[in-house]
Protein chains: 2
Amino acid sequence: MPELRRDPASRSWVVIATERSRRPSDFRVPRDERKGGVCPFCYGNEHMTPPEVLALGRDADAPNEKGWSVRVVPNKFPALTLDAGDGAGDGRGTGGGPDGPRGLYSHLPAVGVHEVLVESPDHDSTFGTHSQSQMEDVLEAMVARARALSRNDRLSYLQIFKNWGRVGGASLEHTHCQLIATPIVPAVIEEELAVAREHYDRTGECLYCDIVRAETEEGARVIEKSDHFLVFCPYAARLPFETWVVPMAHGARFEDIDGAELADLARVLRRTVRRFELAFEALPYNLIWHTSPWTGNFGAYYHWHLELVPRLAILAGFELGTGYYINPTAPEAAAASLREYAPESVVETDDEVRATTLLAEDRA
Amino acid sequence: MPELRRDPASRSWVVIATERSRRPSDFRVPRDERKGGVCPFCYGNEHMTPPEVLALGRDADAPNEKGWSVRVVPNKFPALTLDAGDGAGDGRGTGGGPDGPRGLYSHLPAVGVHEVLVESPDHDSTFGTHSQSQMEDVLEAMVARARALSRNDRLSYLQIFKNWGRVGGASLEHTHCQLIATPIVPAVIEEELAVAREHYDRTGECLYCDIVRAETEEGARVIEKSDHFLVFCPYAARLPFETWVVPMAHGARFEDIDGAELADLARVLRRTVRRFELAFEALPYNLIWHTSPWTGNFGAYYHWHLELVPRLAILAGFELGTGYYINPTAPEAAAASLREYAPESVVETDDEVRATTLLAEDRA
């Protein structure tokens with residue numbers, strides 16, 4: 001019998017088709033065709049992007065040259081810019097004003113920052129094939145940018161995300177993440193904050209700490225548990241094989257993680273994405289950071305985490321119309337499948353850097 | 001300069017890239033490959049679907065035979081069923097219960113109805129090529145099903161929608177709509193009701209009536225105005241070429257429309273979808289009904305309408321993470337483009353039935 005399940009964090013309802021429980025092999029995932037052409041994110045083409053705002057792995061006295069391990073550049077076609085709001089309020093929900101007749105409409109200058117994080121000089125590497133040190137550089141660059149941008153009073157939130165595959169929304173195939181800082185707190189985060197606050201007021205506990213404990217006890221939806229993170233398919237997974245990565249230690253802001261957590265998150269993300277690569281070969285997905293806004297102190301009750309959303313099903317009329325989802329794969333079945341794909345190839349020695357490069361060449 | 005605009009009905013923010021304003025020809029829309037095989041929605045294959053719940057156009061004493069103009073059948077793989085909740089409360093948000101350890105999770109039996117409305121015996125007809133009488137039959141069948149389902153106390157809302165094209169989520173190519181009745185009011189509608197209620201309490205006016213007046217006055221986003229409907233690109237369109245069809249007369253429930261409105265809606269939908277077909281050739285889209293729940297009386301302030309969401313952009317990490325959108329085509333530019341594609345071919349005589357059939361053959 002299908003079940004209507006409610007996600008405790010977003011309060012959205014999901015129809016879970018518990019009787020069908022499709023396995024990875026039931027999904028046909030076409031591989032993207034390679035685009036060819038010159039890649040602006042490869043070594044030697046640094047001049048094709050706006051000047052970098054951060055680079056790790058090479059001397060600081062040679063900016064915009066090759067030699068970097070990770071590079072952060074402004075988006076060439078930014079959705080939001082810091083120029084947009086000059087003289088129009090502080091950008092945090094003020095400025096702009098009523099628009100059009102009858103004062104029904106309102107707008108703000110599109111103040112913000114839109115950056116691209118090039119994860120590796122290797123065009124074909126992925127979160128599943130990056131070396132451990134490469135992945136740590138990726139996370140370190142995110143933390144550094146988050147800390148720097150949080151000091152700008154006009155910005156309220158940083159949305160960090162990765163679109164992978166054309167169906168996942170990636171328009172460039174060279175492995176990259178995006179950072180978009182906005183003057184307003186996103187609706188999704190506002191809702192999560194309100195729900196987490198209510199849970200805290202009622203129980204005295206952090207909702208996400210409670211979820212981590214409940215999932216650890218039940219076990220059926222857990223994919224893996226590392227020193228610092230629980231990886232699991234959430235109870236009311238919206239889409240097939242949706243997976244969350246939640247730190248076991250309570251913390252509201254991603255950018256406050258310490259070195260041990262960062263190294264562990266790098267390992268966990270590599271292993272998790274590798275599982276998906278082994279199970280689906282060429283899975284399009286979105287990896288989405290959920291963290292605390294910079295506009296207040298939510299430390300008592302909010303808990304940062306990552307949501308990995310495989311794009312195996314199309315969001316169509318029902319989902320767009322209702323805000324609810326129909327998921328043909330129960331999260332218990334998804335987790336059981338994913339546990340089978342143990343990412344043996346992701347070892348933790350320095351040798352793997354070479355192994356990873358070979359893997360990437362093999363796939364090219 | 002891009003602008004952050006807020007939709008007055010959903011309160012979601014959209015980054016509108018006003019300087020780029022892409023035209024229809026800037027979007028590459030690949031045509032779906034034809035699937036081939038036996039179609040369960042064509043004449044002669046009526047036995048391939050569950051027994052019909054409604055058919056128009058043929059004698060009632062020969063059910064599940066050919067001769068129908070429009071046919072409504074239960075979905076063969078329903079997301080929700082009326083069997084699901086037997087003995088588990090009244091289905092309207094009760095029954096089910098806490099699930100898993102710590103009482104964090106809750107579920108309900110997936111009570112509901114999931115039906116498919118086969119719009120025409122013509123496999124290849126579309127909302128843009130249906131004859132006027134065909135389209136009136138489609139809408140009449142929807143109204144009849146909505147009225148019938150509204151009498152079931154276990155159902156709270158009927159989501160009517162059309163997924164068109166594979167990117168739009170259509171898994172069968174024969175032209176059809178879907179009806180999903182749910183025991184809970186969708187989050188999207190709850191939010192619209194709350195916003196409309198607040199506007200009504202503050203101003204004494206219906207928000208949507210105000211929007212219709214504002215759009216008519218401003219004109220820049222209007223595509224067409226018929227006797228009973230305003231067709232326009234909304235101020236904070238979430239996706240390129242998003243288009244709303246709003247009745248000018250205030251009314252909360254779609255299924256309460258009268259005969260003149262129904263005939264006019266049939267004309268307006270045919271003309272509107274035809275515009276898209278002329279502008280984009282093979283546009284994937286979702287057409288989504290927004291109407292009043294059956295759980296209360298929202299007649300003073302809610303106003304039913306349709307939202308047509310072309311799937312020209314992928315909803316990716318930013319949209320999923322924030323609930324906000326980045327739209328590369330300003331709605332003023334989208335409306336101006338769509339006004340240019342006058343659907344001359346949609347005439348209103350009986351001759352067009354033949355013209356439409358020829359068109360369909362031509363495309364087959």
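Predicted model: local features only at pLDDT ≥ 70, side-chain atom pairs only at ≥ 80, totals over all residues.
The phi angle of B:Asn64 is positive, about 60°, although B:Asn64 is not a glycine. B:Asn64 counts as partly exposed because it has 14 C-beta neighbours inside 10 Å, where a buried residue would need 20 or more and an exposed one 12 or fewer.

A:Arg11 sits in the loop between strand 1 (3-6) and strand 2 (13-16) of chain A. With 15 C-beta neighbours inside 10 Å, A:Arg11 is therefore classed as partly exposed. The table sets the two residues side by side.

| Residue | Phi | C-beta neighbours inside 10 Å |
|---|---|---|
| B:Asn64 | about 60° | 14 |

**Chain A and its helix 1**

Chain A has 7 helices and 15 strands. Of its 364 residues, 52% are buried. Among contacts in chain A between residues at least 6 apart in sequence, 71% join residues at least 24 apart.

Helix 1 of chain A has 19 residues, which at 1.5 Å a residue should span 27 Å; its end C-alpha atoms are 27 Å apart, so the two values agree. Buried residues of this helix include A:Met135, A:Val138, A:Leu139 and A:Met142, but also A:Glu136, A:Asp137 and A:Arg145. The cover over the buried residues of helix 1 of chain A includes strand 3 (54-56), strand 4 (70-74), strand 7 (113-118), strand 8 (157-164), strand 9 (176-182) and helix 4 of chain A.

How do the axes of helix 1 (residues 132-150) and helix 4 (residues 259-280) of chain A cross? They come within 9 Å and cross at roughly 115°, and the crossing is right-handed. On the side of helix 1 of chain A, the contact is made by A:Gln132, A:Met135, A:Glu136, A:Leu139 and A:Glu140. Helix 4 of chain A contributes A:Leu262, A:Ala263, A:Leu265, A:Ala266, A:Arg267, A:Leu269 and A:Arg270. By class, the residues of this contact are 7 nonpolar, 1 polar and 4 charged.

**Between the chains**

The contact between the chains takes 56 residues from chain A and 56 residues from chain B. On the chain B side, the largest share, 6 residues, comes from helix 3 (residues 207-218) of chain B. The side of chain B that touches chain A has 33 nonpolar, 14 polar and 9 charged residues.

Strand pairing also links the chains: 4 bridges join strand 6 (residues 105-109) of chain A to strand 1 (residues 3-6) of chain B, and these strands run antiparallel. Across this pairing, A:Ser106 stands opposite B:Arg6 in strand 1 of chain B.

Definitions and conventions. Residues numbered from 1 in each chain as written. Chains lettered and ligands numbered in written order. Axes fitted to C-alpha atoms, helices over the stretch in contact; angles between N-to-C directions. Helix = DSSP H or I, 4+ residues; strand = E, 2+ residues; numbered from the N terminus. Left-handed = near helix turned anticlockwise from the far one by under 90°. Contact = placed C-beta atoms within 7 Å. Nonpolar A, V, L, I, M, F, W, Y, C, P; charged D, E, K, R; others polar. Pairing = 2+ DSSP bridges. Expected span 1.5 Å × (residues − 1).
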